[in-house]
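Student: I would like to learn how to read local backbone features and helix packing in a model like this one. Could we work through some cases together?
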Amino acid sequence: METVELGKTGMQVTPLGVGAWSWGDKLFWDYGNSYGEEEIEKAFLATLDRGISFLDTAEVYGLGESESLIGRMMKETGRSPQIATKYMPLPWRLKADAVSEAITNSLNRLQVDSVELYQIHQPVSFLMSQKTLLDTLAGEVMRGRIQSVGVSNYSAQQMREAHGILAAKGIPLAVNQVKYSLLSRSIEVNGILDTAQQLGITILAYSPLAQGLLTGKYTAVNSPTGARKLSPDFGREGLRKIAPVISRLKRIADQYEKTPSQVALNWLICQEVIPIPGAKTAKQAEDNAGALGWKLKPDDVADLEMVTRAWVK
């Protein structure tokens with residue numbers, strides 16, 4: 001399996017990961033009703049069996065259940081993928097000790113001694129400054145409990161500030177995890193993508209399939225489960241708006257004998273970012289893996305860029 005470097009850390013990961021937000025999340029993703037632990041374990045194994053070994057989770061996903069599921073599955077199967085997780089800067093987390101405690105709790109749930117990547121989930125500063133937070137994470141790298149530091153949802157300026165704080169400690173900022181897909185292209189114009197490229201920071205693209213919209217499987221009479229069904233994006237007007245994009249994806253997919261999802265993910269890989277789509281079932285995990293091992297032709301990349309230009313804003 002081809003690998004790519006995570007920022008300037010020297011760490012190699014697969015060019016596509018799997019996001020584990022839906023693993024254990026009841027409110028948004030309907031975990032426990034439309035799917036459960038059995039389906040998640042099959043998705044976990046299918047992901048690893050196809051060579052994808054980079055999983056992204058967070059302490060708040062399923063209120064810790066996502067991390068716990070991954071920990072149990074790793075122990076039961078003896079499989080050890082590279083793990084990225086996240087710290088949420090909640091208002092009552094006032095001192096550096098709260099950061100170290102959160103890492104301890106995540107490691108305990110994951111049943112590991114160290115994680116490959118630890119990210120700050122949101123650029124929120126309540127009573128703990130970004131410098132205190134990042135300095136503490138730098139210390140945790142020195143301790144070996146985390147192997148690299150990343151951020152999530154940071155603006156270009158916030159990313160540059162975080163990069164500078166860590167650089168003073170001799171540690172690279174590995175990633176900025178942001179929303180990026182054919183239907184969400186604002187990072188191309190708000191400075192995030194340019195700044196990341198200038199500083200050697202990898203972009204992790206969450207919601208790379210726009211929460212399923214780019215799969216082409218949803219219609220006005222086939223809506224998703226969970227909170228997504230309340231979103232206007234999945235309503236009649238929302239689906240009408242993206243119909244030309246889905247049509248183009250399907251046409252290109254047919255040429256490559258791929259699925260629309262695989263084409264949408266490959267387009268992101270062509271932008272030199274790492275997409276982290278979700279996978280609630282083995283079939284979804286297998287579909288994700290089909291985005292690897294080939295590459296869209298430049299004309300098709302440009303075609304998709306043109307048909308989704310309305311989402312560059």
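Student: Is Ala210 buried or exposed, and what is its relative accessible area?

Tutor: Bear in mind that this is a predicted model. Buried means under 20% relative accessible area, and Ala210, with a relative accessible area of 14%, is therefore buried. Ala210 lies in the loop between β9 (202-206) and α7, and has a positive phi of about 50° although it is not a glycine.

Student: Which value does phi take at Glu272, and where is Glu272 found?

Tutor: Phi of Glu272 is near 65°, again a positive value in a residue other than glycine, and Glu272 sits in the loop between α8 and β10 (274-275). Exposed means over 50% relative accessible area, so Glu272, at 70% relative accessibility, counts as exposed.

Student: Which residues of helix α10 are buried, and why do they line one face of the helix?

Tutor: In α10 (residues 298-307) the buried residues are Asp300, Val301, Asp303, Leu304 and Val307. Seen down the axis of α10, they fall within an arc of 160°, so they line one face of the helix. These buried residues pack against α7 (236-256) and α8 (260-270), whereas Pro298, Asp299 and Met306, on the other side of α10, are exposed.

Student: How do the axes of α3 and α4 cross?

Tutor: The axes of α3 (residues 96-110) and α4 (residues 130-143) come within 9 Å and cross at roughly 45°, and the two helices are therefore oblique to each other. The contact is made by Ala96, Val99, Ser100 and Ile103 of α3 together with Thr132, Leu133, Thr136, Leu137, Glu140 and Arg143 of α4; by class, it has five nonpolar, three polar and two charged residues.

Key:
Residues numbered from 1 in each chain as written. Predicted model: local features only at pLDDT ≥ 70, side-chain atom pairs only at ≥ 80, totals over all residues. Heavy atoms only, no water. Buried < 20%, exposed > 50% of the residue type's maximum accessible area, 1.4 Å probe, protein only. Helix = DSSP H or I, 4+ residues; strand = E, 2+ residues; numbered from the N terminus. Arc of directions from axis to C-beta. Contact = heavy atoms within 4.5 Å. Axes fitted to C-alpha atoms, helices over the stretch in contact; angles between N-to-C directions. Parallel < 35°, antiparallel > 145°, perpendicular 65-115°, else oblique. Nonpolar A, V, L, I, M, F, W, Y, C, P; charged D, E, K, R; others polar.
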